[in-house]
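Here is a short briefing on the model below.

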Amino acid sequence: MPEEKSPQSTSEKFTLSRREFVATVGGAAATSAVLSTVDLGVLETPVFAAETPPVDKFHSLITLRVNGDTHRLVIDNRATLADVLRTELGLTGTKIGCSRGECGACTVIMDGRAVYSCSILAVDAQHGKIETIEGMAVGGRLHPLQQAFLDHDAMQCGFCIPGQLMALKAALDRNPNLSREELRYAISGNICRCGCYANIIDAAEQARPVMKKV
Amino acid sequence: MRAFEFHPAHQISDAIRSLDEANGNARICAGGTDLLSRLKDDVDNPERLVCIRTLPDLRYIRNDKDGVRIGALTTLSTIEEDAYVQKQLPLLHQALQVTAAPQIRNQATMGGSICQRPRCWYLRGPFDCLRKGGKECFAVYGENKYHAILGGHLCYIVHPSDSATALVALNASVKIHGSKGEKTVPIEKFFVGPEVNILKENILEDDEIITEVFIPHPAPGCRGAFNKSRERQSYDFALASAAVQCRMSRGVCEDVRVVLGGVAPIPWRSREAEAVVRGKKLSAATIREASEAALRNAKPLTQNDYKVDLTKLLLTKSFQQVSI
Amino acid sequence: MVDDEKNQKPTGDQEYEDTVVNIEGRRVTVRTRKVPPLPDWTETEIVGKALPRVDGIDKITGRAKYTYDIQVPYMLYAVAVRSPHPHARVKNISADKALAAPGVHGVMLPQDVASYTTAGLPLLTLNPKYTGEEIAVVAAETELQAEDAARLVKVEYEELPFVMDAELSKSDKSPVKFFPEGNFIGGGFGRHPIGKPSVYSRGDVEQGFKDSDQVFEETFTTQPQQHSCMEVHGTLAQWDDDQLTVWESTQGVYGVQEEIARVFKIPLSSIRVIGTHMGGGFGSKGGAGKQTALAVMMAKRTRRPVKMMLSRHEDYMGVYRPASTQYFKIGVKNDGRLMAIQLKTINPVGAYQSGANWGSCAAMTTEMYACPNVHTEEYAVFTNAPTPSAMRGPGNTQNAWGLEQMMDLIAYKLNLDPIEVRNRNDVKVDQVTNEPYASKGLAECYKMGAEKFSWEEKRRRRNDPAGTKKHGVGVASQIWGGGGGPPATAIVKINQDGSVNLLTGAADIGTGTRTVLSQICAEELGVPVNRIHVTNADTETTPYTLPSYGSITLASSGPAVRSAANDAKKQLFDLAAGSLGVKPDELSSKDGFIFVTRQPDKRMKFESAAAGMPERDLVGRGYRGPNPKGQALNAFGAQFCEVEVDTQTGEVRVLKFVAAHDSGRVINPHTFASQVKGGITMGTGYALSERRLIDGNTGIPVAASMLEYRPPTSLDAPIDIEVYSVDVPYKANNIGAKGVGEPPLIATAPAIANAVFNAVGVRIYSNPITPEKIMLALRDGKTAKQTA
């Protein structure tokens with residue numbers, strides 16, 4: 001790798017230059033557990049297309065606790081947690097792949113457990129502490145799992161990846177000693193149509209000891 | 001999904017009152033996983049959801065002198081991880097391990113699991129079928145690979161719940177609260193086949209909720225096994241399953257409960273198989289005889305006669321596992 | 001899309017020539033400019049390295065915005081009203097109630113869009129020919145309001161007879177007549193008369209069968225396969241006066257732009273299509289969908305941006321890989337040489353003629369193995385089902401299921417190693433065009449794969465006769481296009497600080513296009529890859545390229561990127577030469593330095609040279625040149641797998657895969673391996689669990705969900721997968737690479753089927769190999785045993 005400092009990255013969002021990043025991640029040591037820094041920046045302001053509806057019998061005023069922030073908003077009773085995260089809070093890292101709790105793209109962590117946010121009504125999610133993919137890189141540092149996903153190319157189109165990361169984080173937070181087969185089990189509710197399962201499991205194995213230490 | 005009122009209940013009596021008021025137009029929302037799918041698929045259109053997640057004190061696994069009591073809102077993963085369940089009720093533990101997907105087990109509740117509606121694609125699709133008050137069962141001459149081979153009567157759904165199959169084998173009972181008070185029903189009596197009610201799979205009335213599942217302590221010498229076959233290794237309903245709970249004494253089967261899943265509109269207790277093995281050593285011949293007996297009355301549809309052999313096999317496996 | 005008319009435009013013969021591009025098995029002749037050749041890369045610094053994806057951080061932090069994630073102010077959501085019947089006539093339709101519903105801004109009915117079609121399909125119809133066909137569209141402020149209003153559109157139908165079974169439809173007993181000439185057409189691209197199959201013939205098959213020692217006849221069937229992209233199909237359309245911006249989850253922004261221009265007769269300059277991040281395509285997002293046109297129209301009508309994402313359920317009522325029935329007859333000599341192949345295929349292709357493009361699967365049989373006498377006959381049959389589309393390795397993936405099992409069956413009957421039979425039928429020339437392969441590393445794939453897999457040792461292993469878990473091994477091969485070709489253009493802009501913008505129209509559909517093109521650009525410029533910022537798949541800012549289909553992307557856009565980088569580099573060398581006191585052609589660049597080739601310590605920083613640019617930046621242009629004349633460009637591969645079959649329950653576990661592929665030069669081993677593992681995962685689903693199903697009695701889809709369709713989970717797909725590249729040099733383009741997007745899927749399912757046969761001695765002729773098929777085959781197999 002070249003030694004001189006690279007020019008200003010074209011993406012302002014990185015505080016770490018891509019060069020350092022490549023040096024850390026892409027070098028011979030693919031199992032590197034050094035964490036890259038990344039500034040996630042300010043979340044985009046959500047767009048409210050519709051006027052705020054009144055609180056009638058089909059709507060509710062709710063309070064949601066997401067990634068440490070508290071949000072109060074009026075929603076249609078039918079809105080799922082995934083809908084509200086994405087449409088109202090602009091947290092579009094949480095995807096919806098089937099809207100029936102059958103694919104895992106919408107996985108978030110609620111009170112420490114991985115759940116399908118498309119299969120929980122937002123009005124019914126008020127009691128919980130919710131973590132989404134946007135809250136995973138704390139203080140601008142990639143989570144060890146995120147780092148490991150990069151190192152192992154555990155992504156293709158990337159659409160299922162936030163859900164895979166959430167499922168693994170919840171599982172490893174509860175038990176950092178999961179075996180390879182148990183890790184496989186932990187993501188068995190998350191479809192990856194591009195077929196990254198092997199790389200995802202490899203990545204999780206890399207992250208496991210780092211998560212144990214942290 | 002059509003618009004509905006959302007009523008969070010803070011006491012059991014609130015929930016019951018709210019259900020009662022709605023005259024059958026309310027549904028209970030606990031974990032909500034199955035309910036939301038049905039609402040989104042527009043095959044159920046209640047005017048009101050009564051949320052019981054907000055009820056206090058229905059999340060527990062308690063051991064007392066008679067048995068283990070599981071609060072209706074306890075999630076499947078909590079039960080799966082419970083030390084007593086793992087040690088004393090391996091049958092239930094095994095059933096939960098192969099139920100749905102991790103996220104579903106984190107969300108789905110004990111009560112909801114046994115009340116989930118069948119997966120029949122005609123029931124869940126835009127078909128005016130008998131179970132929705134229509135005039136015909138589309139499965140009989142249709143795509144019936146996953147349908148019932150036992151206990152079908154005009155309607156050929158299979159009961160989808162692995163935990164229900166396990167609980168019937170464990171002789172569990174269900175505590176129900178309703179407008180008329182509280183009652184406890186043996187779980188076997190909780191489920192009803194289409195010959196009794198073609199619209200529902202159980203006796204729960206519109207104004208009733210399940211509050212607890214009770215499982216008696218297995219007697220000393222009891223062993224249990226649960227085997228399930230499916231087309232994917234995760235997130236798939238049973239093609240067939242077989243639960244055996246057996247009290248063994250000096251190699252002889254003193255008492256036994258045999259329940260089959262995925263093959264009938266209710267968790268299918270096979271008294272025929274039980275009668276064969278009761279009082280006998282579980283020899284290969286006895287097991288074979290019992291498995292044959294369990295499926296003797298099977299009436300496969302056009303595409304599911306494989307389930308007969310498959311169920312025999314799973315039952316044989318479960319018998320073998322408890323006989324070791 | 002490339003069309004004939006464009007290719008016939010006169011151009012100067014000096015600069016341009018005709019060349020052949022193979023796209024999804026279809027050979028297209030295009031006129032393209034000649035491009036000065038570049039020397040082969042000998043040693044590379046960046047190309048060939050397993051670098052992390054350049055968009056990796058965006059994807060793992062949730063920051064990557066897919067079409068589905070884009071929200072713009074005042075956006076409406078559009079939802080379709082769909083036919084509940086497989087064949088009907090709309091007698092009456094009323095939108096009054098829907099229009100009056102809360103939040104509703106517009107309803108479009110068939111009469112509003114009658115003059116428009118896309119891909120040969122009506123946008124909305126009064127005569128639905130399959131369940132789920134679009135009748136009307138409603139747009140409202142929220143998705144829920146749109147769904148509510150869609151239910152209020154009252155449609156009265158007269159139900160008509162329908163036909164779901166291809167054999168019935170093809171017969172004269174069909175209750176539906178799709179065309180007066182008949183209910184089938186020749187499958188595949190090109191113009192075929194209705195009522196006639198498409199036929200390919202060489203040699204004399206009858207004579208070939210006479211000359212054979214043994215003749216085998218078998219019938220194979222494949223189920224329809226659904227792409228099941230994690231991001232469903234969808235569009236967001238926004239008009240600003242006459243300027244249209246479309247965000248589309250697509251494999252090709254230019255194809256979408258061209259289709260919109262064609263449908264609505266507006267200039268290309270007025271249409272901007274953006275598809276930067278997209279959640280999987282697999283062939284289903286090759287161009288504009290109906291929802292594209294509907295969103296664009298609705299946005300025009302309502303004067304609001306309109307987003308129309310399909311639901312998963314709708315996705316499962318949409319495009320798919322068609323089913324096939326393959327009637328094989330193969331004659332062989334006892335030494336394994338193929339003497340004659342006869343193949344008839346039946347391919348149900350839905351209710352519209354355009355579906356017939358994909359109603360063909362015999363191509364692999366005509367070219368995979370040496371055989372002098374081949375006759376294929378293909379029927380694309382109309383039924384009351386949705387229209388299929390391309391899907392990853394279209395045709396060959398279906399055909400491999402039959403052909404590769406036939407080869408296995410022949411090997412067992414002749415008591416030969418399945419690899420030996422394949423090697424004995426190796427051929428260096430494309431037997432359809434008589435052109436030699438530019439490179440063919442298939443023999444190397446067999447050799448390397450067999451060695452890494454311990455093929456011979458594993459084949460010798462015997463199962464415990466008393467055990468119920470039987471292990472088996474299987475192999476299958478593949479051939480695919482993947483040579484790519486023009487048109488593809490790239491622009492490389494060097495900025496005054498030495499940073500670089502790479503502009504390419506190519507979509508990154510998860511394959512790693514952005515990453516590998518950045519690597520190619522960085523390699524050619526001699527700068528670290530982090531200097532490159534790639535912008536892709538945006539018709540307003542990036543140059544033209546064909547969609548990312550047919551495994552053409554890398555081999556099409558890659559060479560264009562290298563040429564563009566080379567063009568930019570030469571311009572910078574012109575400037576640097578003065579400072580270094582040498583001629584430009586005496587310079588090289590590497591590691592961020594420009595240096596005198598013979599005197600490497602005489603050097604300057606890349607950015608120092610850039611700082612001296614009088615215009616403050618410079619722009620390099622690169623084009624994909626023609627393919628070499630008279631050569632066949634194909635990718636090859638062989639896959640080996642080990643399975644465990646439970647003889648009691650019929651359950652199959654795929655334990656291990658070894659894949660050896662000939663894809664020329666590997667630009668990034670990470671993304672290369674990911675493609676192959678992904679293909680194997682998808683192929684495992686095709687082999688074992690996936691089933692798209694329409695109820696034959698009602699014509700209504702019944703397995704229209706992720707749960708019922710059953711794509712493989714992490715517990716179903718193998719996670720022990722070894723991927724190898726045989727690295728056979730390939731000189732047909734300036735980067736030495738072939739495509740690898742589709743090839744890894746083609747061989748997977750038959751390799752599994754062959755391993756199942758090896759394990760339990762029964763052959764499963766129809767996919768998916770579900771437990772009950774094995775149980776029944778084992779039960780009945782005791783009398784009708786398929787083993788040799």
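Helices (H or I, at least four residues) and strands (E, at least two) are DSSP runs, numbered from the N terminus. This is a predicted model; local features need pLDDT of at least 70, side-chain atom pairs count only at pLDDT 80 or more, and totals for chains, interfaces and linings use all residues. Residues are numbered from 1 along each chain as its sequence is written, while chains are lettered from A and ligands numbered from 1 in the order in which they are written.

**Helix 2 of chain A**
- Among the buried residues are Leu81(A), Val84(A) and Leu85(A).
- Asp83(A), Arg86(A) and Glu88(A) are buried too.
- The buried residues pack against strand 1 (59-66) and strand 2 (69-76) of chain A.

**Confidence in chain A**
- The pLDDT (the predictor's confidence in each residue, from 0 to 100) averages 82 in chain A, and 74% of the residues score at least 70.
- Over residues 1-50 of chain A, the pLDDT is below 50.
- Where pLDDT is low, the predicted coordinates should not be read in detail.

**Chain A against chain B**
- In chain A, 23 residues are in contact with 21 residues of chain B (C-beta atoms, placed from the backbone, within 7 Å).
- Strand 4 (residues 113-116) gives the most to chain A's side, with 4 residues.

**Lys413(C)**
- Lys413(C) lies in helix 11 (residues 396-413) of chain C.
- Lys413(C) counts as partly exposed because it has 16 C-beta neighbours inside 10 Å.

Technical notes. Contact = placed C-beta atoms within 7 Å. Buried ≥ 20, exposed ≤ 12 C-beta atoms within 10 Å, placed from the backbone.
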